[in-house]
Amino acid sequence: MRLIVILFFLPMFLHAQQDENLVSRERPGLFWFFNGNKPIQDADYRKYDRCIFEATYNTWIGDINPFENKWNSIGYHISLNKDIQLKSTERVTFGLGFGYSYLNHNLDRVFFNTQHESVDTEYPSPNDSLIFSKLTIHQFYVPFELRLKSLGWRHVKLILGTRLGIQPAIFSKTKYWEDENEKYFENKMQDMRWFYTSVYCRLGIRNWSLIGIFHPLSLFPSEQSVRLMPFQLGVSLSLF
C-alpha cells in the first residue's frame, strides 16, 4: 500500500520541484494564448489587445466649446486587430485591424441643413419644448498602432495610433412636444466629411487602459458649415 502511495505522489512531487518558480496567475483576457487558427507554441510569447472595446464621452472643439455636450454623450468603438510582434523583443509590437465607431452627442443645440448645402446649429426657441437633440455619427476605420509595453504579465502599456476611415452617415435627431404629442425628426446631414482621420493614445495596465481620441479635421468640410473637431475620452478594454 505504501508503495502505491509513493508511486502516485512521486510524479507530482517531481513536477512541483521542476516548476517551483512558476506561479498560477489569472489571464488578462479571453484567448490570451490563441493565435488565430491554432494555439501559440511558446506560452511566454503572448499576444495582447486584439479585440478592443471602448466606451467614450464625446465632445469637440471649434465653434462649440469643449464639454458643452451633456453627460450622456456616450459612444463606443469596437475593433479587431492583429498583434504583430518582433521575435527580438516583446516590448515593441504593432497593431493593424478593422473597427467601427458610433459617436453620440447630446446637447441643447439643434443641427440643421441650410439652403447653401451646409450644416449649422442654433439653440431652439424656449417655446419649442425640446425633449432632446443629438448628433450621431457612424464610422468604419482601419487602425495603425505602435504598441510599447513593459515585460511581465502585469505589464504597463502605451499605445499610439492613427485611424483612417469613412463616415457614411451623420444624423441630427430631435424630439419635441407639440400639442401634447411627441414629434420626432431625423435628418441626414448634407455636408459631411466622408473620409476622416484621427489620432489616439491608450495608457493602461494589462487589458485595461484610458484612451483619448482627437480628429484634426473639421466634421463638416464646407467653410459655411459650423466648424467642429471631435474628440473623445474614455475607457478601453481588451477582451483578448
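Is Arg 109 buried or exposed? I looked it up: Arg 109 is buried, at a relative accessible area of 14% (buried means under 20%, exposed over 50%, partly exposed in between, with a 1.4 Å probe and protein chains only).

Note on the source: this is a predicted model, where local features need pLDDT of at least 70, side-chain atom pairs count only at pLDDT 80 or more, and totals for chains, interfaces and linings use all residues. Residues are numbered from 1 along each chain as its sequence is written, and side-chain values use heavy atoms, leaving out hydrogens and water.

Next I went through the salt bridges (a side-chain nitrogen of Lys or Arg within 4 Å of a carboxyl oxygen of Asp or Glu). I get nine of them.

Arg 109 pairs with Glu 68, closest N and O atoms 3.3 Å apart. Arg 109 sits in the loop between strands E3 (89–106) and E4 (110–113), Glu 68 in the loop between E1 and E2 (74–86), 41 residues apart. Helices (H or I, at least four residues) and strands (E, at least two) are DSSP runs, numbered from the N terminus. Glu 68 is partly exposed, at 28%.

Then I checked Asp 49 and Lys 157, whose closest N and O atoms are 2.7 Å apart in their salt bridge. Asp 49 is in the loop between helix H1 (2–18) and strand E1 (51–62) and Lys 157 in strand E7 (residues 156–178), so this pair ties together parts 108 residues apart in sequence. Asp 49 is buried at 6% relative accessibility, and Lys 157 is buried at 3%.

Last entry: Arg 147 bridges to Asp 83 at 3.0 Å between the closest N and O atoms. Both are buried. I also find both in a salt-bridge network with Glu 54, Glu 145, Arg 163 and Arg 202.
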